Amino acid sequence: MAPSSNSGQPERSPGAADLGQLPEPVVKAIEAFTTAAKTRRIENITEAYQALKSSANGMGLQHLLPIADKVLGKSALSLIVAAFSHEKCFMCQNGMVACEACEDEDAHTQAKCEHCNSTGQASCEFCAGTGWVGNDVIPHELQHAVWKSRLKHTHKLLEKYARLYNRVFLDDLSRRAMNDPQRHLAIVETIRLASKLRALIQSHAVVNPEHAKHLDTAEQKLRACLTMLSWK
């Protein structure tokens, strides 16, 4: 038996009253979105959001999302922004692709490839090495929020990188064999992080010139680390 309120009427689940006032396609889209949200899978959430937009049929998302909040029990918009900000480029593996300049050459040639910094991999042209999907995939109304989310996350990555790859560790890695797994990983992570900073500097997320200058300085330091890691 459903629990009853003091009035003797059955209590409704959060957002039930709001859903009852909406067209059936919208109700189904909101329900599908809440189901997708529970999976916590990026592709499920982004697809469900696009379906929710399509179902709106003239209704503003500013009216639909608060209803989704009630049904979901938390901010639907925050979940959507997080999903798009972490959605990966479809054309590469975390920003990297096989280096065309050396992939068919022998190991000796690959170890001296200037195009890929001796990794056998190069930055993806589609995402510029960031591993992120482009603005052509992100809904226009979410782009600013998505880039802000990326900026916040990248600051955390930068702090983590600084803690891990200190001068002593970088010097140790640079003395190891070029095919050493940790050295290779450090090179790839350095390329990716530098690419993220460059993309953020060029985005609308960074409007303060001093902030942009700080990120540019950080990128240059990463490029210096890359030079140290890439050659014997």
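The notes below go from the whole chain to single elements.

The model is a predicted one, and its protein chain is made up of 10 helices and two strands. Of the 232 residues in the protein chain, 43% are buried, and the largest pocket has a volume of about 480 Å³.

**Overall fold**

- Followed along the sequence, the elements of the protein chain come in the pattern α-α-α-α-α-β-α-β-α-α-α-α.
- Among the contacts in the protein chain with a separation of 6 or more, 68% are between residues 24 or more positions apart.

**The largest pocket**

- With its volume of about 480 Å³, the largest pocket is lined by 20 residues, and those closest to its centre are His-153, Leu-157, Glu-189, Arg-192 and Lys-196.
- Helix H5 (76-86), helix H7 (143-164) and helix H9 (181-201) each contribute at least two residues to the lining of the largest pocket, and H9 gives the most, with six residues.
- By residue class, the lining of the largest pocket consists of eight nonpolar, six polar and six charged residues.

**Helix H10**

- Helix H10 covers residues 209-230, which is 22 residues, and spans 31 Å from its first C-alpha to its last, a value close to the 32 Å expected at 1.5 Å a residue.
- The buried residues of H10 are Ala-212, Leu-215, Ala-218, Glu-219, Leu-222, Cys-225, Leu-226, Met-228, Leu-229 and Ser-230.
- As background to such a list, an α-helix has 3.6 residues a turn, so residues three or four places apart point the same way.
- The buried residues of H10 pack against H7, helix H8 (167-174) and H9; of these partners, H7 and H9 each also supply at least two residues to the lining of the largest pocket.

**Ser-55 in helix H3**

- Ser-55 has its place in helix H3, which runs over residues 42-56.
- Ser-55 counts as buried because its relative accessibility is 13%, and the cut-off for a buried residue is under 20%.
- Leaving aside residues up to four places away in sequence, Ser-55 touches Pro-25, Val-26 and Ala-29.

Note on methods: Residues numbered from 1 in each chain as written. Predicted model: local features only at pLDDT ≥ 70, side-chain atom pairs only at ≥ 80, totals over all residues. Heavy atoms only, no water. Helix = DSSP H or I, 4+ residues; strand = E, 2+ residues; numbered from the N terminus. Buried < 20%, exposed > 50% of the residue type's maximum accessible area, 1.4 Å probe, protein only. Contact = heavy atoms within 4.5 Å. 1 Å grid on protein atoms, 1.4 Å probe; cavity = no way out; pocket = protein on both sides within 12 Å on 5 of 7 lines; lining within 4 Å. Points joined across faces, edges and corners; volume = space filled by probe spheres on them. Nonpolar A, V, L, I, M, F, W, Y, C, P; charged D, E, K, R; others polar. Expected span 1.5 Å × (residues − 1).
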